[in-house]
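I opened the notebook to work through one model, sheet by sheet and then residue by residue. My entries follow in the order I looked things up.

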Amino acid sequence: MAAIPVKYHKEYFGYIAGFSDGSVALLRPESHFSLETQRPFEELRSDGLLLETLEIRDGFFLNTPPLIWLELTRRCNLSCDHCYISGGNARENELSGAQFAQIIDELGDMGIWAVAFTGGEPTLHPDFSALVWHARRRGMLVGIATNGLMLTNKLLDSLPRDGVIISISLDNLHFSGHGQSKEFQYVTGVLERCGQRGFKTNIMTSTNRKNLGDLDILIAWAEEQHVSIRSVPFSPLGRGKKFKTQLELSPADAVSAARFWLRECELEHKYHQDVGLCVGSIFNYGLTLAYMTRRCSSGRYLAYIASDGTVYPCTMTAGEDIFSPGNLLETGFATLWRSHWTIRDYSWDNFQKTCAPCPINGEDYYCAARCPAMSYARHGTFSECGASGFEIASTVIRTSLLNNAEVGRNSARAITKINIEPFGVR
């Protein structure tokens, strides 16, 4: 893979920059010359150019988001019980390839670092390959979130390798009625074919009641093949709301799931050291920024563009159809991004009453459940706890395992963001 140039944006506090080694950092205003001359992260750190204090303005957001999810279609060749976006049928008035190319041009003009093509199933869009190439030609890193069923050798051979990572879902929930072993064999076979053709790949999995017993098999295969895994616990979003009872894990499952997750962290940390800056490492820094600023990164650091042009702060708000600031058919993305978004009025302060008695309401834990979208999914309001009992128990156990693991502080910074370097916020 070719070296990735330093990517950076000017912000009111100075700069945010992403480096070829996968590091992302906030930098002082005087770092401009160092960024322009493509100096590496460690040199800027040694020169004292990392920002030490961040003033959080009302309605805080970055002037340019580093990462965009781009839903090419909601159409899907599967209809999975856990799908956050209720994939299956196309949306009304989905955009053409030419319209998507125009959106990609605007994102490129803004200097956005990365785009993640998603769906539904993005490979079903007739201009899928052309749009991936277009994003790469505009200098954006590309992630492809797919179920893998359409990744024929012909399609793979039509895609660029450099700067592209293919992420394939493997939840043991897709091949309904055909047995879990069939899905595992099929998806791992696709991953192997991708690797043989020079693609960097990883696995996306939703941890749930039906695949909990198979996680050891999954992680063992991934470790052997040096393929990273990004897991998220099942959430009752979109179609998943109908299957909460059947799929959501319980606190009793937290120990076994946490052990899997620790191995996942170690694997992902090694993977990002190899791959460098990519959609995954950029997304991870959004978690860091959320921890530092006490504000969700959705609509501040990243956004989701649906296949009909509707813009949302993130995948979860898209799944719930909430907090959209508008549609790109009415105004351009740059103008829309820099307008007022209701979600930017929310911070962790809105959750103080809800979080006060919670066992993970402290500096030692990273809790992502202060989330208006997950609050809405679970309670119909925007400032209640978005976590399940499993997620609370799992956070306690994960933190304990992580703090005692050899992977230690590096993975805590790089993956979970529980232990980040001291950073002042005012």
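**Entry 1**

I began with Ala17, whose bridge partner in β3 is Ala25. I was working on a predicted model throughout. I then looked up the whole sheet. It is open, has three strands in the order β1-β2-β3, and its pairing is antiparallel. Which strands stand at the edges? They are β1 (7-11) and β3 (24-27). Each has a single partner strand, so one side of each is left without a neighbour in the sheet.

**Entry 1: the nine-stranded sheet**

I moved on to an open sheet of nine strands. I noted the order as β10-β9-β8-β7-β6-β5-β11-β12-β13, and the pairing as mixed. The edge strands are β10 and β13 (326-327), and each pairs on one side only. I checked one pair inside this order. Strands β11 (residues 302-305) and β12 (residues 310-312) pair in the antiparallel sense over two bridges. Tyr304 stands opposite Tyr312 in β12. I then looked for a helix on the strands. α4 lies across β5, β6, β7 (141-146) and β8 (164-169). I read its angle to β7 as about 155°.

**Entry 2: Ser231**

I picked Ser231, which sits in strand β10 (residues 228-233). Buried or exposed? Its relative accessible area is 11%, and the cut-off for buried is under 20%, so Ser231 counts as buried. I listed its contacts, leaving aside neighbours within four places in sequence: Thr205, Thr207, Phe260, Trp261 and Glu264. With Glu264 there is also a side-chain to side-chain polar contact of 2.5 Å.

**Entry 3: Arg338**

I looked up Arg338 next, in the loop between α12 (333-337) and α13 (352-355). Arg338 is partly exposed, at 38% relative accessible area. Not counting residues up to four places away in sequence, Arg338 touches Phe61, Asn63, Thr64 and Met110. I followed up Thr64. Arg338 and Thr64 are 274 residues apart along the chain, and their C-alpha atoms are separated by 8.5 Å. Their side chains are joined by a polar contact of 3.3 Å.

**Entry 4: a pocket**

I turned to the second largest pocket. I noted a volume of about 280 Å³. How many residues line the second largest pocket? There are 15, of which Thr201, Gln225, His226, Val227 and Tyr271 lie nearest its centre. I then sorted the lining by element. α6 (180-196), β9 (200-207), α7 (215-225) and α9 (254-275) each supply at least two residues. α9 gives the most, with four residues.

**Entry 5: helix α14**

I checked which residues of α14 (residues 372-379) are buried. They are Pro372, Ala373, Met374, Ser375 and Ala377. I found that these buried residues pack against α11 (315-320). Just after α14, Gly380 takes a positive phi of about 80°.

Most residues other than glycine have a negative phi, and most peptide bonds are trans.

- The peptide bond from Gly119 to Gly120 is cis, with omega near 25°. Gly120 lies in the loop between β6 (114-119) and α4 (128-137).
- Ser86 has a positive phi, near 55°. I placed Ser86 in the loop between β5 (67-73) and α3 (97-110). Ser86 counts as partly exposed, at 28% relative accessibility.
- Asn93 has a positive phi, near 60°. Asn93 lies in the loop between β5 and α3. Its relative accessible area is 63%, and over 50% is the cut-off for exposed, so I logged Asn93 as exposed.

Methods. Residues numbered from 1 in each chain as written. Predicted model: local features only at pLDDT ≥ 70, side-chain atom pairs only at ≥ 80, totals over all residues. Heavy atoms only, no water. Buried < 20%, exposed > 50% of the residue type's maximum accessible area, 1.4 Å probe, protein only. Polar contact = N/O pair within 3.5 Å; in protein donor to acceptor, adjacent residues only side chain to side chain. Contact = heavy atoms within 4.5 Å. Pairing = 2+ DSSP bridges. 1 Å grid on protein atoms, 1.4 Å probe; cavity = no way out; pocket = protein on both sides within 12 Å on 5 of 7 lines; lining within 4 Å. Points joined across faces, edges and corners; volume = space filled by probe spheres on them. Axes fitted to C-alpha atoms, helices over the stretch in contact; angles between N-to-C directions.
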